[in-house]
Amino acid sequence: MNKFLLRAHHLVLGTCLLLAAPALWSCNSQTTYQKQLAEHQNQLKAIDEDTIHNYLVRTKLLNKAHRTNSGLYVVDSVAGTGTPVTVGKQVRVKYIGRFLSTGAHPATTGYPASYGNANYPQGTIFDNSSENHTQCGCVVFTGGSGAIPGFNEGLLLMRQGDRKLLLIPSYLAYGPAGSSTIPTDAALMFDVEILEVF
């Protein structure tokens, strides 16, 4: 009887190990994926920072730009005097969005990056509020929501009458997912004017 119980115990233990193995492999592969994703994002942060810095130097805007804690760069063009944009306020906005980078990816050794996607040339306009067929050529947003994180943050730094250039690193834009019109890991630039805060 003891041999029978011992065999049954071993059978149950073996079955439990076999059932647990896929879960353990899954955890290990998920941990590996998370590490790869974190490494990729760290590499792209360095690439985006370099891309934005080089753009600001090339256009002689470095002295006018300020960087937020998140990594968003803001360049003042016109200072407004109206109502500040706050979370939940409706904002009528004119903007032009351009590619600041072409979705460059780190090489297998990390930095420097590959050239990215040639289908999205740097400086090309990918979105323009004047093409949305409204009388004002503008779009209405809600302060703090409804757009990519860098755009949301930038709006909350503005007031009615402001015009600013928002230089958005890829991790504050569409990141590794991209969108139908934005390549993966692309840094973006928006020229934004606040027409009205209501």
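Threonine 142 lies in strand β7, which spans residues 139-142; strands here are DSSP runs of E with at least two residues, numbered from the N terminus. The model is a predicted one, in which local features need pLDDT of at least 70 and side-chain atom pairs count only at pLDDT 80 or more, while totals for chains, interfaces and linings use all residues. Residues are numbered from 1 along each chain as its sequence is written, and side-chain values use heavy atoms, with hydrogens and water left out.

**Threonine 142**
- Threonine 142 counts as partly exposed because its relative accessibility is 27%, given that buried means under 20% relative accessible area, exposed over 50%, and partly exposed in between, with a 1.4 Å probe and protein chains only.
- Leaving aside residues up to four places away in sequence, threonine 142 touches Gly88, Lys89 and Gln90, where contact means heavy atoms within 4.5 Å.
- Asparagine 152 is ten residues from threonine 142 in sequence, and their C-alpha atoms are 8.8 Å apart in space.

**Asparagine 128**
- Asparagine 128 is found in strand β6, made up of residues 125-128, and it counts as buried because its relative accessibility is 13%.
- Beyond residues up to four places away in sequence, asparagine 128 touches Tyr95 and Ile96.

**The largest cavity**
- The residues that line the largest cavity are Gln41, Leu44, Lys45, Ser170, Tyr171, Gly175, Pro176 and Asp185; a cavity is a set of points on a 1 Å grid over the protein atoms alone where a 1.4 Å probe fits but cannot get out, and lining residues have an atom within 4 Å of a point.

Methods. On a 1 Å grid over the protein atoms alone, a cavity is a set of points where a 1.4 Å probe fits but cannot get out, and a pocket is an open set with protein on both sides within 12 Å along at least five of seven lines; lining residues have an atom within 4 Å of a point. Helices (H or I, at least four residues) and strands (E, at least two) are DSSP runs, numbered from the N terminus.
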